[in-house]
Amino acid sequence: MQHSNAMDFLRYTPTPFLGFLTDDQVARLKKAGHRRTLNDGQFIHSRGDTDPGISIIESGAAKAGIYGTDGEFILTSFLGPGHSFGEFTVFTQIPLSHDVSAVGPTSVIRIPSRTFLELGEAQPAYLSALMRATLMRSHILLEMLHAVRILPLVPRVAKFLLILTPPPPAKPRLRFKQTDLAATIGLSRASMNRALGKLEDLGFIERNYNFIEVLRLHEMHQWLQAEVGDY
């Protein structure tokens with residue numbers, strides 16, 4: 001079965017939780033929670049937190065990952081407006097597994113577990129929307145695992161950049177060190193530098209001191225398809 005390029009590209013850009021809800025449903029959800037305003041780099045949640053509830057990015061963005069013992073940050077996802085996190089604490093007794101911090105000025109709506117479950121019982125559309133959004137993000141994590149296990153060096157890094165690049169309206173800019181990206185993918189610094197150099201030579205990215213600018217996102221996706229096909 002043939003898929004369009006646009007559809008293939010969407011596999012890397014999951015629809016956020018709020019994107020599955022109507023305006024009235026979003027307004028009711030926000031009214032049920034409390035708003036928190038954060039500055040760039042400020043922690044929203046820390047790994048191991050046990051307060052059950054769901055958090056939703058109202059504006060701005062957040063990055064989620066784990067700090068290693070050497071201080072390097074292993075990034076697992078970049079969350080833009082409408083995306084949620086912490087939802088598994090609503091349905092399980094497991095503490096938060098990642099550190100989540102704001103990227104730029106950010107507003108977050110926090111809804112306690114019991115409140116969200118009551119909303120879901122009264123209007124099942126909330127639970128359906130959360131399931132759809134969560135499954136799409138699970139698919140992204142499987143894509144990342146697949147890239148680590150199967151793809152050659154440069155396509156592997158390209159695929160991670162496609163997955164981790166913030167979606168519009170945010171700038172296509174990954175704000176972290178190359179060493180942190182290397183730790184995320186499980187590469188040495190030398191291998192990461194070589195792969196990024198190749199992608200830069202192809203005109204897809206531009207490296208800066210503390211961020212990577214993705215200049216031609218769709219073209220990089222087309223190149224990746226040509227290199228590895230459906231892999």
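Leaving aside neighbours within four places in sequence, with which residues is Asn39 in contact? The structure is a predicted model, in which local features need pLDDT of at least 70 and side-chain atom pairs count only at pLDDT 80 or more, while totals for chains, interfaces and linings use all residues. Residues are numbered from 1 along each chain as its sequence is written, and side-chain values use heavy atoms, with hydrogens and water left out.

Asn39 is placed in the loop between strand S1 and strand S2 (43-45), where strands (E, at least two residues) and helices (H or I, at least four residues) are DSSP runs numbered from the N terminus. Beyond its neighbours within four places in sequence, Asn39 is in contact with Ala102 and Gly104, contact being defined as heavy atoms within 4.5 Å. Asn39 also lies 4.7 Å from Pro105, C-alpha to C-alpha, although 66 residues separate the two in sequence. With a relative accessible area of 55%, Asn39 is exposed; the classes are buried under 20%, exposed over 50% and partly exposed in between, for a 1.4 Å probe and protein chains only.

Strand S8 (residues 106-112), by contrast, is mostly covered, six of its seven residues being buried. Strand S1 (residues 34-38) pairs with S8 in the antiparallel sense over five bridges, and in this pairing Thr37 has Ser107 of S8 as its bridge partner. Strand S3 (residues 53-59) is likewise antiparallel to S8, over six bridges, and here Ile54 has Ile111 of S8 as its bridge partner. Two strands are taken to pair if DSSP finds at least two bridges between them.

Ser113 lies in helix H4 (residues 113-122) and counts as buried because its relative accessibility is 10%. Apart from neighbours within four places in sequence, Ser113 is in contact with Pro52, Gly53 and Val90.

Helix H5 (residues 125-150) comprises 26 residues, which at 1.5 Å a residue should span 38 Å, and the 37 Å between its end C-alpha atoms agrees with this; the expected span is 1.5 Å times one less than the number of residues. The buried residues of H5 include Tyr126, Ala129, Leu130 and Ala133, together with Ile140, Glu143, Met144 and Ala147. In general, an α-helix has 3.6 residues a turn, so residues three or four places apart point the same way.

Phe91 is found in helix H3 (residues 88-91) and, at 48% relative accessibility, counts as partly exposed.
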